[in-house]
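Me: I would like to go through the salt bridges of a model, one at a time. Please show it.

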Amino acid sequence: MQRLFSAVTAASLLVVSCGSGDPQAGDTLATGREIYSDICSTCHLSDGSGGSLAEPLLEVMETFPSCADHIRWVTLGSTRWQEEVGPTYGATDKEIDRVMPGWEGTLSAEEIAQVAAFERVRYGGGDEETVIADCGVEAGE
């Protein structure tokens with residue numbers, strides 16, 4: 001029984017920290033993972049594949065080389081993006097053909113940045129320290 005508990009505890013810690021070697025970076029990414037799981041996975045799915053409702057997140061680093069643009073997309077959503085920026089998004093100029101809700105007013109700017117950081121590390125394969133700095137979130141928040 002003790003072995004099972006230790007294995008479960010170790011696995012839980014790995015999931016919560018998103019595999020981070022830096023416990024503070026893990027806190028930031030864990031918060032982003034929590035929010036992603038509660039909100040974003042409804043459309044983007046738990047594995048980030050997107051399904052039929054949303055774009056897959058596997059190319060998020062190519063679509064948004066700058067985390068600031070990624071954050072702006074999540075903040076504005078597709079309707080406000082079209083009004084304020086135009087009919088395409090990201091560095092690849094993808095045509096907006098799906099509805100992405102804007103999360104400003106629902107999530108804080110820090111929470112949106114944490115979600116973007118999580119998506120960039122987990123699905124985009126970005127380096128944790130680089131992504132956290134690029135997204136402007138503090139490790140351990």
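Reply: E104 has a relative accessible area of 47%, and buried means under 20%, exposed over 50% and partly exposed in between (1.4 Å probe, protein chains only), so E104 is partly exposed. This is a predicted model, in which local features need pLDDT of at least 70, side-chain atom pairs count only at pLDDT 80 or more, and totals for chains, interfaces and linings use all residues. Residues are numbered from 1 along each chain as its sequence is written, and side-chain values use heavy atoms, with hydrogens and water left out.

Me: Which residue forms a salt bridge with E104?

Reply: A salt bridge is a side-chain nitrogen of Lys or Arg within 4 Å of a carboxyl oxygen of Asp or Glu. For E104 the closest N and O atoms are 2.6 Å apart, and the partner is R80.

Me: How many residues apart are E104 and R80?

Reply: Helices (H or I, at least four residues) and strands (E, at least two) are DSSP runs, numbered from the N terminus. E104 lies in the loop between β2 and α5, while R80 is in helix α4. The pair links distant parts of the chain, and the separation is 24 residues.

Me: What separates R80 and E84 along their helix?

Reply: Their side chains also meet in a salt bridge, at 3.1 Å from N to O. Both belong to helix α4 (residues 67–84) and are 4 residues apart, so the separation is about one helical turn.

Me: Which residues are linked with E55 in a network of salt bridges?

Reply: E55 forms a salt bridge with R98, with the closest N and O atoms 3.7 Å apart. The network links E55 with K94, D97 and R98.
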